[in-house]
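Open the model in your viewer and keep the selection tool ready. Each stop says what to pick and what is there.

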Amino acid sequence: MADVAESERRILVAVDEGEESMHALSWCLKNVVSQNSKDTLILLYAKPPRAVYTALDGTGRREDPSGYLFSSDILAAMEKYGAEVAACVLEKAKKMCKDLQQDVKVEARVENGDPRDVICQMAEQLGADVLVMGSHGYGLIKRAFLGSVSNHCAQNVKCPVLIVKKPKTNAGSK
């Protein structure tokens, strides 16, 4: 066990706007990263691709060319907003790292694309020793329709994957 604590591990943690990913990061800092270790925590935010809109109206005609297309200033504003969200999420995650594990080395990355693909690609590219991610806890039906990022990564990433579930809270208990 001493070898594990002394080795330099690259721990990739996928973060997003949800509290599930912040819970996974917190759990990782308390249970995976050891004090005075040489671990590097890599925070990864996958910025989803921009939605594609058609220029056709509901009838399939293209009467108003500006119909569903966005102007360049709107696209720039959307891009700026996406960058601000990513920066905010990573700032929150870095603060948590500093509060819970002051001496851990932290790197942050923002990558564009479908989170399933981005997380798998970055785990491989960065040589992650372990991937840590949260789970939304979707049931069978929701998971079938929405897909599960954590399930996809667990099936496709070559390194070990640690999926941290947020404990369910009872609304009536205090």
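Which side chain meets Arg-9 in a salt bridge? Select Asp-39: its side chain pairs with that of Arg-9 at 2.6 Å, N to O. (A salt bridge is a side-chain nitrogen of Lys or Arg within 4 Å of a carboxyl oxygen of Asp or Glu.) The pair links distant parts of the chain, 30 residues apart: Asp-39 in the loop between α2 and β2 (40-47), Arg-9 in the loop between α1 (2-6) and β1 (10-15). Helices (H or I, at least four residues) and strands (E, at least two) are DSSP runs, numbered from the N terminus. Both Asp-39 and Arg-9 are buried. Buried means under 20% relative accessible area, exposed over 50%, partly exposed in between (1.4 Å probe, protein chains only).

This is a predicted model: local features need pLDDT of at least 70, side-chain atom pairs count only at pLDDT 80 or more, and totals for chains, interfaces and linings use all residues. Residues are numbered from 1 along each chain as its sequence is written, and side-chain values use heavy atoms, leaving out hydrogens and water.

Next, select Glu-107 and Arg-10. Their salt bridge has its closest N and O atoms 4.0 Å apart. Glu-107 is partly exposed at 27% relative accessibility.

Move to helix α3. Asp-99 and Lys-95 sit four residues apart there, so about one helical turn separates them. Their salt bridge spans 2.9 Å between the closest N and O atoms. Both Asp-99 and Lys-95 are exposed.

Finish at Ala-24, in helix α2 (residues 19-31). Ala-24 is buried, at 0% relative accessibility.
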